[in-house]
Amino acid sequence: MSVDPNIDYHAHDPEDGEELSEDPRIREAQELEARMRRALATKEDPLRDDESTSERLRRLEQEKAD
């Protein structure tokens, strides 16, 4: 079995389910990262026609607030 020497086995995995940090500065960055990941277009959830990522982020935040 070959091993990729470029893999960083200690890198952050957004799917690992880590708890949010107690440090407010780190927690803020973690929450921003989570919001931005939700706003990114994927094959399963593409952007709407003529929608930018920032517009999508605003729309998702508005839908969450409703």
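User: Is R56 buried or exposed?
Analyst: R56 counts as buried, because its relative accessibility is 1%. Buried means under 20% relative accessible area, exposed over 50%, and partly exposed in between, with a 1.4 Å probe and protein chains only.

User: What should I know about how the values were made?
Analyst: This is a predicted model, so local features need pLDDT of at least 70 and side-chain atom pairs count only at pLDDT 80 or more, while totals for chains, interfaces and linings use all residues. Residues are numbered from 1 along each chain as its sequence is written, and side-chain values use heavy atoms, with hydrogens and water left out.

User: Back to R56, then. Which residues is R56 in contact with, leaving aside neighbours within four places in sequence?
Analyst: R56 touches R38, A39, L40, A41, D45, P46, L47 and E51. Contact means heavy atoms within 4.5 Å. R56 itself lies in helix α2.

User: How many helices and strands does the protein chain have?
Analyst: There are 2 helices and 0 strands in the protein chain. These are DSSP runs numbered from the N terminus: helices are H or I with at least four residues, strands are E with at least two.

User: And how do α1 and α2 cross?
Analyst: Helix α1 (residues 24-39) and helix α2 (residues 53-65) have axes that come within 9 Å and cross at roughly 110°. That makes α1 roughly perpendicular to α2. The classes are: under 35 degrees roughly parallel, over 145 roughly antiparallel, 65 to 115 roughly perpendicular, and the rest oblique. Axes are lines fitted to C-alpha atoms, for helices over the stretch in contact, with angles from 0 to 180 degrees between N-to-C directions.

User: Which residues meet there?
Analyst: From α1 you have R35, M36, R38 and A39, and from α2 T53, R56, L57, L60, E61 and K64. By class, that contact has 4 nonpolar, 1 polar and 5 charged residues. Here Ala, Val, Leu, Ile, Met, Phe, Trp, Tyr, Cys and Pro count as nonpolar, Asp, Glu, Lys and Arg as charged, and the others, Gly among them, as polar.

User: How many salt bridges are in the whole structure?
Analyst: A search finds 7. R48, E51, R59 and E63 are linked in a network of them. Within that group, the side chains of R48 and E63 meet at 3.9 Å, N to O. R48 sits in the loop between α1 and α2, 15 residues from E63 in helix α2. R59 and E63 also form a salt bridge, at 3.2 Å, N to O.

User: Why are R59 and E63 about one helical turn apart?
Analyst: Because they are 4 residues apart in helix α2. R59 is buried, with a relative accessible area of 18%, whereas E63 is partly exposed at 42%.

User: Last one: what share of the chain is buried?
Analyst: Buried residues make up 9% of the 66 residues.

Key:
A salt bridge is a side-chain nitrogen of Lys or Arg within 4 Å of a carboxyl oxygen of Asp or Glu.
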